[in-house]
Amino acid sequence: MATKRDYARLFDLTGRKAIVTGGSRGIGRALSEALAAHGADVAIVVRSTIEQADALAAELNTNGGDSFAIRADVANPADVERMAAAVEARWGRADILVNNAGIVLPGNAEEYPLDQWRQTLSVNLDGVFLVSQAIGRMMIRQKSGSIINIGSMSGRIVNWPFRHAAYNVSKAAVHMLTKCLATEWAEHNIRVNALAPGYIMTELTEEVLRDHPDVVSQHWAKGAVQDRIGTVDELAGAVVYLAGDAASFTTGEIHTVDGGLTLR
């Protein structure tokens, strides 16, 4: 008689140590909660919302666990090294890294200030590289790990009607960085993938909905074949999958969750 396989364990993250940048609100909060719900301890890395991060960590620890908050600017190399040292001092390892921190500063290309271009690339691309590098060294030493970069469908398409070339370029670069790191670090048993969300309802989306309801209803929602925008909960399963053993043979992939917007 064939041995019964335990498929539930493929999504079990019990005892694993996860880091989520920008993890206190919006997409980052949902991903922190999802990883913790499957058993992981979570280091919630934020630049300015430390009170929210502390409160979330306390909430995640309600039933036991060792989640905690760290203040760090992912675009600052010294901050990143300090964050990685704090994780190593507390846990001695890092099993999952979610590079979620990011910004978007819209503007017409012909008038776009160079400092805003550099700021966008500094957070969205340099930050992903710096954090991956610092935590990657830890994963290389332990010969295991899963890195999930939060890219965007904007790395594949030009969003409309808002104009934000810097954001689109930064996310396209994150997708290529994902493939490069996946190739380089496979020999260390480290998987590197990206999640590319479509339009998702967050605090930022709610602001757009208030100020430009026609954009959300006629452009963002109508663009998807499902005729709506998504929720943060609809990204959670993809991250849990990419973080755990269910995705042990998956690396270098850009996993798009956009309601079918990029199909046409």
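Leu-242 counts as buried because its relative accessibility is 1%, where buried denotes under 20% relative accessible area, exposed over 50% and partly exposed in between, for a 1.4 Å probe and protein chains only. The model is a predicted one, in which local features need pLDDT of at least 70 and side-chain atom pairs count only at pLDDT 80 or more, while totals for chains, interfaces and linings use all residues. Residues are numbered from 1 along each chain as its sequence is written, and side-chain values use heavy atoms, with hydrogens and water left out.

Leu-242 lies in helix H8 (residues 233-243); helices (H or I, at least four residues) and strands (E, at least two) are DSSP runs numbered from the N terminus. Beyond residues up to four places away in sequence, Leu-242 touches Ser-146, Ile-148, Arg-191, Asn-193, Ala-194, Ala-247, Thr-250 and His-255, a contact being heavy atoms within 4.5 Å.

The largest nonpolar core comprises 35 residues, and Ile-19, Met-83, Val-87 and Ile-135 have the most contacts inside it. Such a core is a set of buried Ala, Val, Leu, Ile, Met, Phe, Trp, Tyr and Cys residues joined through side-chain atoms within 4.5 Å. Two or more residues are given to this core by each of strands E2 (41-46), E3 (68-71) and E6 (190-197) and helices H3 (77-91), H4 (114-142) and H5 (165-185). H4 gives the most, with ten residues. A second, separate core of 32 residues includes Val-20, Leu-60, Val-98 and Ala-247.

His-188 is placed in the loop between H5 and E6 and counts as buried because its relative accessibility is 15%. The side chains of His-188 and Lys-143 are joined by a polar contact of 2.9 Å, that is, a pair of N or O atoms within 3.5 Å, of which, within protein, one must be able to donate a hydrogen and the other to accept it, residues adjacent in sequence counting only if both atoms are side-chain atoms.

The structure holds one cavity of 30 Å³ or more, a cavity being a set of points on a 1 Å grid over the protein atoms alone where a 1.4 Å probe fits but cannot get out, with lining residues having an atom within 4 Å of a point. H4 supplies the largest share of the lining of the largest cavity, four residues.

Definitions and conventions: On a 1 Å grid over the protein atoms alone, a cavity is a set of points where a 1.4 Å probe fits but cannot get out, and a pocket is an open set with protein on both sides within 12 Å along at least five of seven lines; lining residues have an atom within 4 Å of a point. Grid points are joined across faces, edges and corners, and a volume is the space filled by probe spheres set on the points.
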